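Trainee: I would like to go through the terms used for this model. Please tie each one to its cut-off.

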Amino acid sequence: MQKAKVLNVGIDMGTSRTVVAADNGVRTFIPSYVGYPKDAVSKKMLGKAIVFGDEALKYRMGLDLYRPIEKGVIKYSDAPEENVEEHEKARRITRELLKHVISLVTEEEEGALIIRGVIGAPALASTRNKKALLEISKGVLDDVLIVSEPFAVAYGLNMLTNTLIIDIGAGTVDLCRMYGTIPGEEDQITTFKAGDYIDEMFLSLIKKKYKDANFTVTMIKRFKEENAFISEQGESISIDLPVKGKPVSHDVTDELREACRAIVPDIVEGIRKLVATFDPEFQDELKGNIVLAGGGSQIIGLKKEIETYMKKTLGYGKVTKVEEPLYAGANGALMLCKDMPDEYWDELKSHGRKRSREKGKKEE
Ligand SMILES: Nc1ncnc2c1ncn2[C@@H]1O[C@H](COP(=O)(O)OP(=O)(O)OP(=O)(O)O)[C@@H](O)[C@H]1O
Ligand SMILES: [Mg+2]
């Protein structure tokens, strides 16, 4: 009999995008949206009972549309007992999303597969958040390991010593300092002022300035992704928004800058804390190795803004951006997945078995 092939997969289930990279060379991403047809008409039009990603966004008018991940974790997984039904639903939907992205990387595979996955979670995800992720991956992945997202990024870049990773996503900004070992709680900071926060702020600032304009958060998010900046200089930026059905150009230069700037104070305060509490002998090296990742790292002028701040408060700072902000987390998770020795996975499994046996005993 032929032995099952092991497929390693790195998974970054983000608030805004779910990214996968597998060692069969397939890597891809979809927006983290899942839609269910609202009625028989939309079901007939789509020809399926569930749609994902861009397709779900495109047909959202005819769908019940869900974004099951919020602030980097499965919705309500912080306090599932307070929202039993909603949490159960979010788990079900996240599982569908995971199943879907795994189907994308296994499309071309034939024969038996053992799918090993490493999933990135926000730096300070709680035990409950991680447990929810572990549970939904049962039956989708054969073996699974949950790691801190910025740690996965650092691992992928092989920047494991005296480096500070800042992963700027939609729901969270995760900061994590590395010094050659698996980072602990004291090495990580999570802030919730990230991409979604910029969108909300940008939306409310435009609403305040242009009361007649008609727009949605999806429209201005797209616009932000094309134009985000925080530097002082630069030309003015205008967006076409419908007023009574007719597109009218609106200047939103100041509003966009202000919204993008709003995430900076928490980030720089996080840097200051992580540098100040680091071994003094290596602080300078850490200051020289600040790495920005995640979609938000693409804001024009952000790198310079952080460097300026660091110079003022810490004397010096050198910031770089990862080359592939979108894939950095999934790439690193994949590398971790491949580098974990077989014995480690076996050990994980035997722990799992032991735990369930112990649980079984208690319940007897
Ligand atoms: N060019 C850009 N400029 C500014 N922001 C951008 C740009 N491109 C994407 N973004 C923003 O980056 C965020 C998505 O980044 P990313 O895919 O790293 O997040 P995520 O992993 O889904 O979220 P999280 O890690 O918080 O769960 C969104 O808020 C998106 O609008
Ligand atoms: Mg992310």
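Mentor: Two strands pair if DSSP finds at least two bridges between them; strands (E, at least two residues) and helices (H or I, at least four) are DSSP runs numbered from the N terminus. This is a predicted model, where local features need pLDDT of at least 70, side-chain atom pairs count only at pLDDT 80 or more, and totals for chains, interfaces and linings use all residues. Residues are numbered from 1 along each chain as its sequence is written, and side-chain values use heavy atoms, without hydrogens and water.

Trainee: Why are β5 and β6 said to stand at the edges?

Mentor: The open sheet runs β5-β4-β6. β5 (51–52) and β6 (63–66) each have a single partner strand, so one side of each lacks a neighbour in the sheet.

Trainee: What makes I220, K221, F223 and K224 of α7 buried?

Mentor: Buried means under 20% relative accessible area, exposed over 50%, partly exposed in between (1.4 Å probe, protein chains only). Those four residues of α7 (217–227) are in the buried class.

Trainee: How do you know that they share a side of α7?

Mentor: They cover an arc of only 165° around the axis, which puts them on the same side; the arc is taken from the directions from the helix axis to the C-beta atoms. The face turned away carries exposed E225 and E226.

Note on methods
Chains lettered and ligands numbered in written order.
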